[in-house]
Amino acid sequence: MSGFDESLLDDADETERVRFVVNGRKVACEVAPRETLLDCLRNALELTGTHAGCEMGACGACLVQLDGQAVHACLMFAVQADGATIDTIEGLTESGVIADLQAEFHRRNALQCGFCTPGMLVNAHELLSQVTRPSRRDIRDALSGNYCRCTGYEAIVDAIDAVAKARSERGGVT
Amino acid sequence: MKARAFSYFRAATIDQALDAHARAGDDARFIAGGQSLVPALSLRLQAPRLLIDITHIAELRGVRREGEFLRIGALTRHCEMLSEPLIAEFAPLLHAAAPFVAHPAIRNRGTFGGSVAHADPASEFPAMTLALDAEIEMIGPSGSRRVKADDFFVDLFETALQPGELITAVFVPLFKADQRFAFDELARRRGDYALVGCGMLATCTGERIHDIRISFFSVGNTPTRVKGTEATLIGSSLGAERIAAAQAALEADLTPPDSDEVPPAMRLHLARVLLGRMLGRLGVGG
Ligand SMILES: Cc1cc2nc3c(=O)[nH]c(=O)nc-3n(C[C@H](O)[C@H](O)[C@H](O)COP(=O)(O)OP(=O)(O)OC[C@H]3O[C@@H](n4cnc5c(N)ncnc54)[C@H](O)[C@@H]3O)c2cc1C
Ligand code: FES
Ligand code: FES
């Protein structure tokens, strides 16, 4: 009835098998409970497009989509994601849903070192799937949790703004 | 940095969560959105033996009317505080506060119950439960109880929650036609914790205030109701003189903490400025 097995308490580092759908593929991994989703994606699944920055939820380099919503991979444990659908920057790239955002970032030099870019793109993708024509202020608000140490944001905001405009002129999202 | 090793248990029901906590003793933590707990574990500020995941407990979800209250399930996410029509209609102060809580991706996971339980004095929602005269419902080994927000926040990160007790829902009195509200905060950057923030709920007849509850955050060890200031506003309408009197009264109600970054006198000044702006808007019905 309780569902809780007391022997769990005896070996805290014992690994568990977790299953999720990552970038459209079913995967299973063995993880210790203390491994974050970020560790699991980068180390076990070798999806290194998801970047590890602060590992504290402050920089936004580790954003992924979990069941369709942007979340910080450093702020959850892989065991918590058991059964979830995850899309990383690799998956979003392969599927082509952010191709126009990527092209616009490229065109406008909205990156220098590129460390922040995967998180910026995941965030921009989320914003544009919720608000068709965000104001520059909305864009800045949405990016408030993403640190870029190189570009000063202007080109990033320009790129997102341009894509929003182009998409809405085409009549909606992708 | 990495959390110290722990065991993980995903609870499907409240009973399972309480039972697991009881059997692990004080050494267990519930995890909801994890947006405050995971950083605390990574920094090893906390190192429990057992993490009990409560996010799959259906009983903790949902927002619905219950008599004179809106019942907001503990697992209601910050992003739902923005999107849920019942919140916008019956708890508009919470709806107004939600965009100021952290950043979009954090709002996708962080929960209302987690924010109230965590009781960060710089957080928006705990302070708003005070302004709203909300009641916090919790359940523990010795049953379920409801505590008024006025009695819930005890000290820095300390609440009326006893070890092993779980917040199930927050009950907010339904917003009424003769009420007005205001929310605002001063922060260096949108999404950052506020230097000072405030929410208020007033009951009025025409321009006359019958009742007002004003709650500040980021100005002390707990969310802070300013009862002396409230008293200066009751029974009158909101002219410039009345607003100035309320601003003057703040000094006796607030004891801002000493910090190198924001000295107490500056924080008090910011609180006065914020109060003046918000009462001004309230006077014109905003
Ligand atoms: C970069 C960053 C910026 C942030 N900025 C802000 C901000 O501006 N304003 C703000 O308010 N917050 C901010 N937060 C915190 C965030 O809003 C959290 O979501 C919230 O405070 C905690 O909710 P949670 O559901 O994530 O709780 P968790 O992190 O899961 O838990 C927090 C604590 O509450 C306990 N707990 C959780 N749920 C329950 C329950 N139902 N019953 C009993 N105990 C429970 C846990 O055991 C733990 O001790 C920020 C966080 C980050 C990482
Ligand atoms: S690595 Fe996750 S937010 Fe910085
Ligand atoms: S491009 Fe270098 S951090 Fe943003």
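**Exercise 1.** In the hairpin of S1(A) and S2(A), which residue takes a positive phi?

*Solution.* 
- Begin with the strands in this predicted model: S1 of chain A covers residues 16–22 and S2 of chain A covers residues 25–31.
- The two pair in the antiparallel sense, over seven bridges.
- Next, find a bridge between them: A:Val22 has A:Arg25 in S2(A) as its bridge partner.
- Now look at the turn, where two residues sit between the strands. A:Asn23 takes a positive phi there, near 50 degrees.

**Exercise 2.** Find where ligand 1 lies, and work out which elements of chain B supply its shell.

*Solution.* 
- Ligand 1 is placed between chains A and B.
- There are 33 residues around ligand 1, and those that come nearest are B:Phe30, B:Gly34, B:Leu37, B:Thr111 and B:Ser123.
- In chain B, strand S2 (28–31), helix H7 (112–118) and strand S10 (166–173) each supply at least two residues of the shell. H7(B) gives the most, four residues.
- Sorted by kind, the shell has 17 nonpolar, 13 polar and three charged residues.

**Exercise 3.** Which polar atoms of B:Phe30, B:Gln35 and B:Tyr193 lie by ligand 1, backbone or side-chain?

*Solution.* 
- For B:Phe30, a polar backbone atom is 2.6 Å from an oxygen atom of ligand 1.
- B:Gln35 also uses a polar backbone atom, 2.8 Å from an oxygen atom of the ligand.
- With B:Tyr193, a polar side-chain atom lies 3.0 Å from a nitrogen atom of ligand 1.
- Finally, consider the cover: alone, ligand 1 exposes 970 Å², and the protein buries 92% of that.

Key
Residues are numbered from 1 along each chain as its sequence is written. Chains are lettered from A and ligands numbered from 1 in the order in which they are written. This is a predicted model: local features need pLDDT of at least 70, side-chain atom pairs count only at pLDDT 80 or more; totals for chains, interfaces and linings use all residues. Side-chain values use heavy atoms; hydrogens and water are left out. A residue is near a molecule or strand if one of its heavy atoms lies within 4 Å of it. A polar contact is a pair of N or O atoms within 3.5 Å; within protein, one must be able to donate a hydrogen and the other to accept it, and residues adjacent in sequence count only if both atoms are side-chain atoms. Accessible areas come from the Shrake-Rupley method with a 1.4 Å probe; for residues, only the protein chains shown count as cover. Ala, Val, Leu, Ile, Met, Phe, Trp, Tyr, Cys and Pro count as nonpolar, Asp, Glu, Lys and Arg as charged, and the others, Gly among them, as polar. Two strands pair if DSSP finds at least two bridges between them.
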